[in-house]
Each structure stands twice: as C-alpha cells, then as structure tokens.
Amino acid sequence: MKLDPMMVRHVDLSRGRCGPPGDGRPMLAVLWWRDLPLGFVAGTADEVPFSRPALEGLLARFAAEQRAARDPALGAPVQGGAEGEPKWRVAASAAAGSGSTIDWLDAISRLSPEPAGDLSVIICTRERGEALTTCLTAVAEQESPPGEVIVVDNSRGQTARAICEGRPGIRYVHEPRPGLSRARNAGIAAASRPILAFTDDDVQPTPLWTSEVARTFRAGDAEAMTGLVLPARLDASAQVFFQMRRGGFGTRFVPVRYDGVLYNETLRDGPHVWRIGAGANMAFRRSVFDRVGMFDARLGAGASGCSEDSEMWYRIIATGGACQYEPRAVVMHDHRSDWPGLKRQMRAYMKGHVSALVAQADRFGDRGNIRRIWRQLPRYFLRELLESTHLGETERRRMLAHEVIGWATGLRYLMPGWRRSAEAETLP
C-alpha cells in the first residue's frame, strides 16, 4: 500500500455528479447529499477526477444503504451485532427498489436545525493552545448554539486560561491532576445541562454537530451517542496510514443502535464496544453517570493510555442501556502527522485496550475480556504479521511491533494492585 499524501475533498452529489479536479496527488473524496454524509471513495492520482458513472454508481449504493438504515418502513433502526456491523433487516439492494431514493434523500437531508440549548459541550485540553483555538472557533460557529461550553484544562500551568478568557461564553475549569478521565469527570461536575457532548481539542466540529447531537437524543431513548469522525487532512504519510490502513476513527456512514445485542453476541471473546465510536465525538445523558458511575480514572490518556470512552459504553450496554451511532453528527480530526507520534499512539491504544478489558472483567465478571487479552489479541497479531509480510507492507509490520509492545506493557494491569486501585469516583 502506497502512503503518498492525499487530498481530502468534500463532494455534494445533490449539486452534480462531477468529481473535483486533482492536483497530482491521490484523493479521498467524502460524498454527501446536502447535509447527509454518504460515504467516501479513494483514488490514485491517475483515477482523479472521478468519473460521472463512478459517482452515480456510488450514489446508488450509498443511498440504498442509508434508506435501509433510516427508513422505518424498511425495518429501521438497525442493530449493531458482532464486530459492530449493522444487522440489516432489509438488504440494501432491496431498499434500492423501494421508490424514488433521490426524493427520499432530499426529504431526510432538509431537516431544520435542532435547538441545542440542552447541551453542555465539554472540551478537555492539555497544552495544545493552537488546536484549542481552532476547536473553539468551530464550536462558536454552530448553527445551533449549545447551552454552555466548558473547557477543562488538564495542564499544571493553566496554559488554556488565557485562550478561554478572551472568548465570551466559555467556562474555564482547571483540573491539575493528570488524566483524561479526571478531566472528563471535572467537566461533568461543572456542567449544568441534561446532555453532555464531548470533543477533543484537536477536533473541529462541523456547523450542524450540536444540532444533530440534540436531535439524536430527542428522537430516541439512547443514553449515549457517538458520531462520525473524518480526517481534516491527509498531508502526511503517517496520517494516510492511520486513516486508510487502520481505519481512522471509524468508516461507518449509517446509523446503528448498540445495546444488548452487541453485548451478548460478543460476550465470549469480550464485547466489541470499541466499535461503537470514538471519544472525540460522543455525548451522554447526564443521568447515565448517576446510574453507572463516572469515567474510570485509571483509564485514558495520561493514565493507562486510552479506552476510558469504550469502557463507559461497556457499562451502559452491560446494564441494559443503549448507545446510538449517528453519522450525521460530524467532526473533523487532525490525525498525528509524524511517525514517532503515531507509533506512541498505537502503543498507548493497545496498552489502554488491555487495561479496559481488565477493568470490564473485574466490574462484571465477564471472562471473555481476559480471553481476548490472551487469545484473540495474539491471534490478531499473527494475522497482521502474516498478511503484512505477504503483501510486503513494511510500515504495517513496524506499526504492529508497537502494538505488540503496547499489549505486553498492558499485561501489568492484570496485577492485583492495579485491579484494587479503582477510585471511588468511578463507582455508581
């Protein structure tokens, strides 16, 4: 797989079926129908611009998937099963023949903005002033202003205070104890609205983000939701690798409900809650923290590495709740652009994944989590090694080595001392 830098272009197919011109680089084209994201297509420099027949074919396929996932007459909403994939009640091919799909697309993509006064937007940051400034600008440009915006500064030196003081409507909270979970918990404690929406300082929400978060909670009974995370740019080979080879933060463009179906179908090998979404774009009903507890301060960046978000989703679905993935709520993420930084990130992801599996096993007694550590993850490493060797993907093998290091480092979380150290703030 070549890792040449790629253009990222957004194409509204409701305005025509002409692909954007190229500039000599490969392209990742994100396809939309007005405000509804449909999917994306990647092409080499020789394949750009994409032809009209190619875009017409993609439109037909993506529109049928949207209809199968969103039209109640066709069995929507769809459930998420093993590997997080939608359990289609009606095949997308059948949905393609169920009337005028274009008229249907027009109808569902012309929604009025939903008021977002019930939302507290919480942004956790640590010594990334330039990125935070960009994020706050995007939040200020929301078509539906949130009820409040809270910035939780997780640095010791309060480096974000000056950035926040210059912006009206921003509540500044300082949490000097390191760890993303502690920062998220500080944001929850400071928030006053019934819906809490989280994003990160290296993210730019699109203008309808708060509107779609609010709409999702008003339309259903889910206690949590996640949304679509797209790459803001792919200017570096490390960014291309993360998005195109590792799947970025998800590539699903249809709504999916995750509840006991996902939990029960994957219980034997550890429920695949990481498939639900990404912490860079998630929201919760405030009441769920009273029911299942706060974020586990042993997990996440600044502690074990990551997975404080997926461990929270685990608690929700393991206790009878539901999480809704809604790709209409879109944010753009700045992937790491340097290889050393990406390798550190992949080590942290795997180490944090192991720590979350241990926490989940301890909390619920689900032994599939431990089985995943000792069986499923080594099998995954072996498959990746064999496939990357067969395809001659040197960088993929190098990245795999860092994942293995993260796994091996994470095994220390199996020690009794760490397992007894759950803080009281994480308990219901």
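**Entry 1: strand 9**

I looked up Thr-199 and found that its bridge partner in strand 13 is Asn-281. Strands here are DSSP runs (E, at least two residues), and helices are DSSP runs too (H or I, at least four residues), numbered from the N terminus. The model is predicted, so I note that local features need pLDDT of at least 70 and side-chain atom pairs count only at pLDDT 80 or more, while totals for chains, interfaces and linings use all residues. Residues are numbered from 1 along each chain as its sequence is written, and side-chain values use heavy atoms, with hydrogens and water left out.

I then checked the strands on either count of pairing (two strands pair if DSSP finds at least two bridges between them). Strand 13 (residues 281–285) pairs with strand 9 in the antiparallel sense over 5 bridges. Strand 6 (residues 119–125) runs parallel to strand 9, and 6 bridges join them. Cys-124 has Asp-200 of strand 9 as its bridge partner.

Is strand 9 buried or exposed? I read buried as under 20% relative accessible area, exposed as over 50% and partly exposed as in between (1.4 Å probe, protein chains only). Strand 9 (residues 195–200) has 6 of its 6 residues buried. Ile-195, Ala-197 and Thr-199 lie on one side, Leu-196, Phe-198 and Asp-200 on the other, and both faces are covered.

**Entry 2: strand 14**

I moved on to strand 14 (residues 323–333), where 11 of its 11 residues are buried. I listed its pairings next.

- Strand 10 (residues 203–205) is antiparallel to strand 14, with 3 bridges, and Pro-205 has Val-331 as its bridge partner.
- Strand 11 (residues 224–231) is parallel to strand 14, with 7 bridges, and Leu-228 stands opposite Val-330.
- Strand 12 (residues 256–258) is antiparallel to strand 14, with 3 bridges, and Tyr-258 has Cys-323 as its bridge partner.

**Entry 3: helices 12 and 13**

I looked up how helix 12 (residues 339–364) meets helix 13 (residues 368–391): their axes come within 8 Å and cross at roughly 150°. Axes are lines fitted to C-alpha atoms, for helices over the stretch in contact, and angles run from 0 to 180 degrees between N-to-C directions. The two helices are therefore roughly antiparallel to each other (under 35 degrees is roughly parallel, over 145 roughly antiparallel, 65 to 115 roughly perpendicular, the rest oblique).

Contact means heavy atoms within 4.5 Å. Among the contact residues I noted Met-350 and Leu-357 of helix 12, and Ile-373 and Phe-381 of helix 13.
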